[in-house]
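Here are a few notes to read alongside the model. Have a look at the structure first, then go through the points.

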Amino acid sequence: MPVSLTNPFARDSEGTRRNINAYRVLTLLSFILQFVTTFYYVNNAPVDGSFGRHKIFYGHATPFTLNTVFVDIYWVVLWILQVVYIYHLFRSDETAQNSAASLGSHFILYNVLHFVWVMLWVRSLTIIAEFIVVVNFLQLTAVYFRYHTAPRLIHLAVSVMPLTWTFFLLLWNGAVMVHCHSLVCRVLANVAVWGLAAFAGFFLLAFKDFYVGFATAFLAAGLGVGQFFTKVIALQWPFAFAIMAIVFLFSLATAIPGVLGGHTGNEATGRHGERAPLLQDA
């Protein structure tokens, strides 16, 4: 009798259950790949490459350069949540396994694309790196729309925090790519920075997702601090702090009724989906 092999990236739930071991291996390997690579290049520059070689955080200041402390904190929290996500694939609870495995292919793809971005970024291949960031942003947006009712810890690890970070990365990488140092470019950056408020506002209004709001507010604070120490006499850092305050307050206004009412932001939309069986009160 022929043996049928199911694609571990298949969409059907039966395929997900049959390939749980493949998801366990691939998610773990992809996490280790991007974690080790990111950690290494935070502290070291590459020894190969024909263009400028540098660490992830280096002295190329643009209007979208964030303070490294905020980025470090954000990444550490994301890595912890990713470990928690991987843990759910190894739980004996079949419902927990299936909830995690349903997003496994997107988790793997995010980590692989992040790894590719790091390898390009530290070698100053910013045009190709920006393309990779765009692809990652599109696939993360797709996973958000498709799985925004996932259990909250999975939602944070696979969707919210990677998506919010990638949106900031679009601006950061893009500013370096176009060598944004002229007065005209800085004026355009003063306008573009309000896209952060629009980004968070969309998810707050459409999905009542205060997780996206808080993540955006935190990184906007990092942008404000980074810009303050980059160029004191400028509009970018006051705008960044204004965006932080506005988004934080709107996120708080969205979160408090949800917490008091026992609902998460996504549940307020009326779509309960997969959230109920797992980590409802996590």
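1. Let's start at Trp-117. Skipping neighbours within four places in sequence, Trp-117 is in contact (heavy atoms within 4.5 Å) with Ala-129, Ile-132, Val-133, Leu-169, Trp-172 and Asn-173.

2. A word on the basis: this is a predicted model, with local features needing pLDDT of at least 70 and side-chain atom pairs pLDDT 80 or more, while totals for chains, interfaces and linings use all residues. Numbering runs from 1 along each chain as its sequence is written, and side-chain values use heavy atoms, leaving out hydrogens and water.

3. Now the core. Trp-117 also turns up among the residues touching the most other members of the 75-residue largest nonpolar core, along with Ile-56, Tyr-85, Trp-165 and Trp-172. Such a core joins buried (under 20% relative accessible area, 1.4 Å probe, protein chains only) Ala, Val, Leu, Ile, Met, Phe, Trp, Tyr and Cys through side-chain atoms within 4.5 Å. Helix α7 (residues 152-177) supplies the largest share, 16 residues.

4. On to a helix pair: the axes of α2 (residues 20-43) and α5 (residues 104-121) come within 9 Å and cross at roughly 25 degrees. That makes α2 and α5 roughly parallel (angles under 35 degrees).

5. Then there's His-54, in the loop between α2 and α3 (68-89). His-54 is buried, at 8% relative accessible area. Beyond neighbours within four places, the contacts of His-54 include Asn-44, Pro-46 and Trp-121. Val-42 is 12 residues from His-54 in sequence and 9.3 Å away, C-alpha to C-alpha.

Methods
Axes fitted to C-alpha atoms, helices over the stretch in contact; angles between N-to-C directions. Helix = DSSP H or I, 4+ residues; strand = E, 2+ residues; numbered from the N terminus. Parallel < 35°, antiparallel > 145°, perpendicular 65-115°, else oblique. Buried < 20%, exposed > 50% of the residue type's maximum accessible area, 1.4 Å probe, protein only.
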